[in-house]
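Q: Could you go through the salt bridges in this one with me? I'd like to see which residues pair up and how exposed they are.
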Amino acid sequence: MKTPVTVLGLGAMGTALARAYLAAGHPTTVWNRTPGRSPELETERAATAAEAIAASPLVIVCLLVDDTVRSTLDGIDLSGKTVVNLTNSTPDQARATAERVTAAGAQYVDGGIMAVPAMIGGPAAFIFYSGVPEAFEKHRADLSVLARPEYVGADPGLAALYDIALLSGMYGMFGGAQHALALIDSTGGPTEPFTNQFLVPWLTAMLTSLPRIASDLDNGPAGTAGSNLAMQAAAYDNLVSTAAAQGVDPLLLTPMGELLNRAVTAGHGDEDLAALVRLLRTE
């Protein structure tokens with residue numbers, strides 16, 4: 001018999017998780033604070049969170065925010081359970097939840113879902129996990145039903161950190177792309193040909209430099225900078241002035257220009273982009 005699973009939370013993602021477990025043949029119990037959500041799961045629904053948790057050794061939590069996780073789990077006996085929290089949270093929130101869940105008698109694993117609901121159960125989705133390694137290994141096969149599991153360490157805050165790091169990279173990339181589109185749109189011309197023929201291939205090619213930047217961070221520069229920061233800082237003014245001339249707000253550009261100038265002022269003008277990463281650290 002496959003492991004019985006409880007899913008707390010029936011938003012779009014929680015519903016996708018529950019459906020994936022049912023489709024894979026796992027006895028599945030669900031609970032949601034608002035009655036009537038996902039009526040197709042009515043036969044699997046428990047009346048209370050405590051009843052739902054009691055039904056399964058593996059409890060998947062996918063609620064809206066961290067405060068909801070706390071108010072849902074506090075006061076419930078979690079003895080002998082493995083609680084896997086897939087609610088979006090910060091690393092510190094994940095660590096605090098781990099302390100509360102452990103004190104209530106359960107083993108805690110935190111998770112960061114790198115997928116949209118439609119991707120759950122498919123080959124492109126993956127989920128970061130961190131927390132009690134024995135609990136993760138015990139339920140690795142169960143968690144694989146949802147997406148490819150990527151365990152990143154025993155610190156329960158690491159999954160949230162990896163999740164937020166990837167989202168930060170995504171939003172930064174989209175911010176630059178949106179500025180580029182605004183420049184083309186300012187001419188009154190179409191943006192789709194520019195995007196398909198030039199923007200996507202250019203960004204794809206530029207992404208190949210990321211492993212070298214990471215290697216420079218970990219091991220030190222392997223050679224002379226191909227495009228040093230002093231040169232880049234001098235040329236960067238053209239990006240901002242062109243935006244102003246085209247009637248495009250440079251708010252997505254100016255922070256990088258400020259960072260480049262700060263690097264040059266601090267004596268890093270002959271270095272490469274990896275030097276900017278260290279300048280972002282506030283410690």
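Q: Which residue forms a salt bridge with D216?
A: In this predicted model, D216 pairs with R212, and the closest N and O atoms of the two are 3.7 Å apart.

Q: Is D216 buried or exposed?
A: D216 is buried, since its relative accessible area is 8% and the cut-off for buried is under 20%, whereas R212 is partly exposed at 39%.

Q: Which residues are joined into one network?
A: D66, D67 and R70 are joined that way, through salt bridges that share partners.

Q: How many salt bridges does a search of the whole structure find?
A: The search finds eleven salt bridges, and one of them links R95 with D155, with a distance of 2.9 Å between the closest N and O atoms.

Q: What parts of the chain does that pair link?
A: It links distant parts: R95 lies in helix α4 (residues 91-103), while D155 lies in the loop between β7 (148-151) and α7 (158-185), and the two residues are 60 residues apart. R95 is partly exposed, with a relative accessible area of 30%, and D155 is partly exposed as well, at 28%.

Q: Switching topic, what does E137 pair with?
A: E137 forms a salt bridge with R140, in which the closest N and O atoms are 2.7 Å apart; E137 counts as partly exposed at 46% relative accessibility, and R140 is partly exposed at 33%.

Technical notes: Residues are numbered from 1 along each chain as its sequence is written. This is a predicted model: local features need pLDDT of at least 70, side-chain atom pairs count only at pLDDT 80 or more; totals for chains, interfaces and linings use all residues. Side-chain values use heavy atoms; hydrogens and water are left out. A salt bridge is a side-chain nitrogen of Lys or Arg within 4 Å of a carboxyl oxygen of Asp or Glu. Helices (H or I, at least four residues) and strands (E, at least two) are DSSP runs, numbered from the N terminus. Buried means under 20% relative accessible area, exposed over 50%, partly exposed in between (1.4 Å probe, protein chains only).
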